[in-house]
Structure formats: C-alpha cells, structure tokens
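Please find below a note on the model under review. It is set out as numbered points.

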Amino acid sequence: MTLNNKQQHHLPSDLTSDPSLMSSLRRQNQLGIPTAGRAPPEPYYGRYIGQFTNFAHGIKGSIYAVDESTLFVKSFAYDGTGPDAFFWVGKTARPSPEGYIIPYPEEYKGSDPPILQAHNNTDIILRLPMGKRIKDIRWLSVWCRRFTVDFGEVFIPPSLDVPKTRVLPEFRRLAHGLRSSNISVLDAKTFYIPNLHYDGAGPDAYFWVGNGSEPNIMGVKVPNEIGSLEPLRGYQGEDIEIQLPGSLTVYDIDWLAVWCVEYRHNFGHVFIPKDLDVPPALGQTKITTTTTPRPVYSNCREILPNRLQVKWELLGEYLQIELFGRITEDQYMAFGLSGANGRPQMAQSDVVVAFYDTNARVFRAEDYFISDLSQCDGQRGVCPDERIGARNDVIVVSGDRKNGVTSIRYKRLLQTNEAIYDMPIPIDRDVSIIAAVGPLNSRKEANAHSHTSSDHNPDDIRINFSKRNDHACKNSLYDLKDESGPKPWPTRKIQGERKFRAVIGPTGGKRGYTAITGGASWGIAWYINDLLIPEITVERGLTYEFVIEGGNDPTQPARYHPLYITDSPEGGLGQKTGLEARKQTAYAGVDYDEDGNPTPTGAGRYCEWEHRTVDRSAEIGTFEEYKSTLVFKCEDGEPGYMNWTVPMDAPDLLYYQCFTHNNLGWKINVVDAGASGAIDDLQLGRNHLVLCIVLTVVSLVVRRPRLA
C-alpha cells in the first residue's frame with residue numbers, strides 16, 4: 001500500500017459540526033495544553049526501527065513498526081535495476097537465502113509476487129505474510145533472490161515494543177438503551193464498537209468526541225460506520241467501525257460518546273486512557289469484539305448426536321469447557337467459535353482441538369486458528385496457534401477415558417488479547433459454534449474430518465455462554481453402545497493406460513482413503529481417471545501423460561494441489577524443509593532453482609468431484625454408487641500437462657501426491673518394460689487354455705453316446 005498524505009489528512013468541510021472546535025482540540029495539543037495525555041510526535045508512523053543501510057542500488061528509507069505484523073517504510077528509494085529483488089525478511093543472524101518475500105504491491109496478479117520496481121521517496125506499507133509477526137523476524141532487506149545479494153538492510157531490535165490495539169470498557173449505559181461490548185481503539189483514528197445497541201429515538205444524536213471530565217457541548221461529530229453525519233439510526237447488536245474526522249486522533253480527545261446535540265444530553269460514553277500506545281492510522285487489520293465477564297452457570301449441549309457433548313461454566317475471566325466424545329485414541333474432538341455468525345463455517349474459525357496423546361501419555365487441548373480448509377503448512381491452513389507464531393491460550397484442567405468415551409476439561413480466557421488468531425468469547429449474546437471429530441496425523445495435529453452429521457455439525461448451532469440452565473443433554477455418552485464401522489471399498493487398479501487425468505474429490509469417508517491406505521486423510525484426495533486413489537502400474541522406459549486439474553492459484557491453498565511423483569507415501573514436498581525435504585525424491589512435477597528450492601510444475605485449473613448434498617459414503621456399499629452422489633465441477637482455465645518417462649532405475653514403488661499437502665495420493669507400481677503387457681498376455685493365455693479344456697470336455701460328452 002502506498003500512502004497518499006492528501007488522502008490521509010484532507011477534511012471535507014461537511015465532516016464536522018464545527019471545524020473551529022476540532023481545530024481547537026488540535027491546537028491545545030500543539031501548545032502543550034493537557035488533553036488526552038501522552039501524544040506521539042507528529043507525523044506519527046509507529047515505532048521507529050532505523051534507516052536502511054545501503055550496499056547497492058541506492059537503497060534508502062526509514063523503517064517503522066506500525067503494529068505486530070506491519071512495517072512502514074518512509075521515503076523509500078531504489079533504482080529498480082536488480083534482476084530479482086524483493087523486500088525480504090527472516091530470522092537468521094544476517095540477511096540470507098533463508099528468508100521469505102513480503103509481496104509489494106500487496107495486491108498483484110499471477111501466482112508469483114512481482115519483482116520490486118524503482119522508487120523515489122515512496123511511502124510504503126509492508127504486511128508480513130501468512131500470520132507472521134515482527135517478533136518472528138530479525139531483519140528487513142532488499143534482496144536479490146537470483147544472485148543472493150543484499151542490496152540494503154535494517155535490523156529489528158530484539159526488545160522492540162510495537163504499538164498495539166487497546167481494549168476499552170463498554171459504553172456507559174445512561175439513556176435510550178445504549179450499550180455495547182468492550183470498545184477497542186484499533187489505531188490512532190479508528191474505534192471498533194461491537195454489539196452496539198441503541199433505540200434510535202434520540203432526535204439529534206451523533207457519535208461525539210471532545211475533552212473534559214464529562215461529555216459536553218464543546219465536542220465534534222464523528223461520522224457513522226458509512227461515513228454519514230445524519231442523526232444516528234437504531235442499532236440492534238451490530239459490530240461497527242468509526243473513524244475520527246480529518247487530522248483528529250485519539251490522542252486529542254478524552255472521551256467518545258453518543259450525544260444529542262438538540263437537547264444537550266449524554267446517552268452514554270467511554271473515556272479514552274491517557275497512556276495509549278496504539279498503531280498509527282494507516283489502515284490496519286480489523287479485529288473482533290471483546291466482552292465483560294458474567295456470572296457462572298452450568299450447562300450441557302449434545303452437538304453431534306451420540307458422539308460429542310459439551311458442558312461449560314464461567315469462572316471469572318475464564319470460560320471452562322468439558323468435552324465428552326466417543327472417539328478412539330487416534331482421533332480428536334474440536335469445539336469453538338464459527339468463522340461466520342449464523343452458519344457453521346470452518347474457515348476463519350477459532351477452535352480448540354482436544355485429544356489423548358498416546359506418545360506422551362497425556363490429555364491435550366490445543367488452540368487452533370483455521371485460516372483455510374487445507375492442511376497446516378506452517379503458515380496457513382488448519383494450524384495450532386503455536387505453529388504459526390502465536391501461543392496456546394488453552395489450559396488443560398483434567399482428562400479421562402473410560403467405556404469408549406474421552407472427556408477433557410480445559411479453560412480459556414474470554415479475551416486473550418491475541419487479536420489475529422483468537423476470537424473473544426461473547427457472553428452477552430448467542431454465538432454460532434462449530435464442532436467436529438476426526439483423525440490425528442503423525443504430528444498429532446488435526447486432519448480433515450468426514451462430512452457426515454456424526455463427524456461435524458452441518459447446521460447452525462448457537463450458544464449463549466451466560467444462559468442459565470441450558471441442559472439439552474438427554475443421555476450420557478457412557479450409556480451408548482459402540483457401533484462397528486462400514487465395510488471399506490476395494491482398491492481400484494489402472495493397468496495398461498498411458499494417459500491419466502488427475503482431479504480432486506472427496507475421500508469416501510471411512511470406506512475410502514483411510515480404509516485403502518491405512519493412513520489419515522485430509523478430506524480430499526486424487527481421482528485418477530475418475531477413480532478414487534487407484535493403484536497405477538507403469539513400465540520403465542515408457543512415457544506417460546498426466547492431465548492435471550488440481551488448481552493453479554497458490555493464494556488459495558485449499559484449492560491448490562500441484563501433482564508430482566515421489567518416493568514418499570506422504571508427499572507434501574512444499575511443506576518440507578531441510579533434512580525432512582531431502583528424505584524424499586521427486587521424479588516428476590518439480591523443478592529446482594539454483595539454491596535447490598523445489599517449485600511445482602504440475603498445476604492446472606481446479607476441477608473437483610463434489611457432494612450433491614452431504615457425504616453418504618457410510619450408507620453406500622460400492623464406490624460406483626457413491627460416485628453417483630457426486631457432481632463434477634471445473635473452474636475456468638486450462639489443465640496442466642506433465643509428460644513423464646519412467647526412469648530405468650526407478651524403484652518398484654512410487655506415489656502420485658500433492659506438492660502442497662500430505663496424503664492425497666496413492667501407489668504407482670513400477671515394472672520392467674513389457675511386464676505389464678506380459679501380465680495381460682499371461683492372463684489371456686490362461687483364459688485360452690481354460691476355454692480349450694472346456695470345449696474338449698464338451699466335445700467328448702456330446703460324442704460319447706454315439707460311440708456307445
């Protein structure tokens with residue numbers, strides 16, 4: 001993002017009720033008259049880090065920490081002649097190839113970030129990608145990736161205290177039903193007001209800011225959430241964001257109120273602290289609401305029928321939850337806040353994954369953030385907070401396992417101040433929740449669950465965590481009998497084919513991927529020639545064509561599955577680094593750059609077999625019947641193509657896999673030249689021999705009466 005100072009500070013004449021009053025507020029600070037307390041020097045860009053040290057190409061600029069994940073470069077200069085230069089960050093002692101790109105511009109077309117262009121005193125905002133924070137890096141460099149050259153660098157102080165969002169109390173409740181949840185100061189100009197209630201009956205009411213010990217007539221109107229200065233309408237639990245007009249900042253004011261100008265009446269207000277240290281007003285990411293603790297009540301809901309129950313109670317600033325699940329020791333149970341209120345949405349949700357760790361022999365409850373419906377690659381996907389640079393804010397209280405039921409009790413703060421990865425838990429209204437039961441992978445992390453009503457909640461379920469006596473659990477899970485799983489489908493095989501079409505599809509629940517491979521699935525898998533993970537037989541020395549339609553947009557990880565051929569039964573080379581990456585060999589679908597970094601080549605448009613309604617694998621006996629419950633859909637674009645000549649020294653067993661995710665593919669049986677055909681010829685010969693014997697016997701039987 002490039003800043004335009006005129007856009008930041010220009011004020012149309014109709015944005016305030018009295019421009020002279022707003023000027024007065026600013027003038028008091030400029031003259032040193034006490035108003036809201038400590039104000040940063042103007043102009044305010046955040047916490048100063050330092051100047052770029054130039055080594056080549058005229059690198060200049062002053063660097064500031066805007067917030068936990070955003071940097072601001074003031075007056076950046078670069079001649080633009082580097083062949084492969086980017087903004088580059090990392091955590092090694094000095095800038096090195098072991099870093100990653102901060103894309104600039106942030107919005108770009110294509111799969112690869114654009115090479116850095118020439119700049120002359122440009123103001124630039126840099127957002128760290130994929131959940132990274134300033135505390136996770138040690139330097140910022142202008143780096144030439146092709147020649148591994150550092151054009152300019154600045155180092156991040158290890159103890160840097162970056163500006164942070166500040167949480168305030170709720171509106172004081174004085175008139176017209178005004179109330180809210182805790183208000184947040186997002187940056188120097190922006191307030192976030194969650195769960196706002198107001199009856200709209202005030203004849204001349206506005207958001208209003210000013211100075212003094214109480215709201216008064218010497219205030220300034222603040223536009224509403226759509227930038228209008230019309231009298232306020234009614235609000236019924238809405239979450240809104242408002243911005244101070246012109247050059248006014250939170251450091252210039254003592255309070256924010258809802259004020260009736262005509263009758264000079266205060267409907268409610270919140271005071272602005274004098275020790276604010278919030279980010280500058282440069283368009284930081286919004287965060288969600290916070291709440292105030294309420295009394296403790298005991299409740300129980302059965303979220304998944306005969307499978308998962310949840311009990312909860314409030315303990316001061318904590319919400320204590322106990323999950324009861326009919327799960328095995330290689331499964332987890334998950335419960336948390338939906339990514340969208342009003343429907344059960346996994347993406348952007350905040351959940352706790354609870355399970356028994358058979359290796360450590362302890363019960364665990366892990367804080368997860370689901371950025372995308374894909375495996376965690378260490379940056380995005382279904383990730384434990386600790387794996388993406390955050391912290392586990394969940395405390396395990398106790399755990400037990402008996403009669404096929406695992407129970408785990410844990411607690412979490414209602415408001416963790418982990419703005420990016422943790423949602424505050426509302427206790428003043430209903431909130432949509434999500435729950436699931438699924439398999440653990442080898443890292444003891446959550447893998448994809450099946451899409452049946454016994455594995456996740458397909459419908460919107462809402463809970464008010466402060467509601468009294470919410471007891472909807474009719475029976476104990478301990479009283480239920482365990483039921484055996486469905487019969488698995490047999491493995492399909494492809495032999496004698498030279499062309500394969502690879503698309504994405506569902507795993508077939510407990511009858512499909514897991515039953516065939518014996519490993520955990522991610523909920524999707526490769527369909528080769530319209531068959532679910534068939535075993536393929538290929539011959540050494542022959543060339544095979546793969547038409548690949550697994551997605552080609554890396555910014556959409558849940559729909560980006562480049563195909564490659566490897567000796568790894570797990571795949572996911574793009575997730576691996578160091579020794580882990582060197583443990584597997586890629587035979588096709590991957591190129592390597594000068595530094596040995598793998599890049600996928602087997603990518604094309606996205607095509608997928610999707611459920612027409614819900615996953616019916618548990619009730620369908622054959623794969624052919626199951627496939628009739630699916631519908632095939634393709635995005636616009638062209639397929640990818642990969643021609644693979646099987647090496648003469650290829651091992652007997654390889655795998656077709658996904659470059660970016662684990663466990664999507666299955667076996668490739670490699671045989672010597674002519675062997676697969678020989679197998680066919682041998683079978684044909686056997687069939688011919690059997691036929692001759694049968695005909696001979698029939699002939700003898702027919703002729704026997706005549707001989708008599």
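Predicted model: local features only at pLDDT ≥ 70, side-chain atom pairs only at ≥ 80, totals over all residues.

1. Residues are numbered from 1 along each chain as its sequence is written, and side-chain values use heavy atoms, with hydrogens and water left out.

2. The protein contains six helices and 43 strands (DSSP runs numbered from the N terminus: helices H or I, at least four residues; strands E, at least two).

3. Of the 708 residues, 50% are buried (under 20% relative accessible area, 1.4 Å probe, protein chains only).

4. Taking contacts (heavy atoms within 4.5 Å) between residues at least 6 apart in sequence, 67% join residues at least 24 apart.

5. Four strands form an open sheet in the order β10-β11-β12-β15, with antiparallel pairing (at least two DSSP bridges between two strands). Because β10 (166–167) and β15 (235–243) each have a single partner strand, they stand at the edges, and one side of each lacks a neighbour in the sheet. Within this sheet, β11 (residues 184–187) and β12 (residues 190–198) share three bridges, and Asp-187 stands opposite Thr-190 in β12.

6. Strand β22 (residues 349–357) pairs with β23 (residues 362–370) in the antiparallel sense over nine bridges, with Phe-355 opposite Arg-364 in β23. Strand β23 also pairs in the antiparallel sense with β24 (residues 382–384), over three bridges; there, Tyr-368 has Pro-384 in β24 as its bridge partner.
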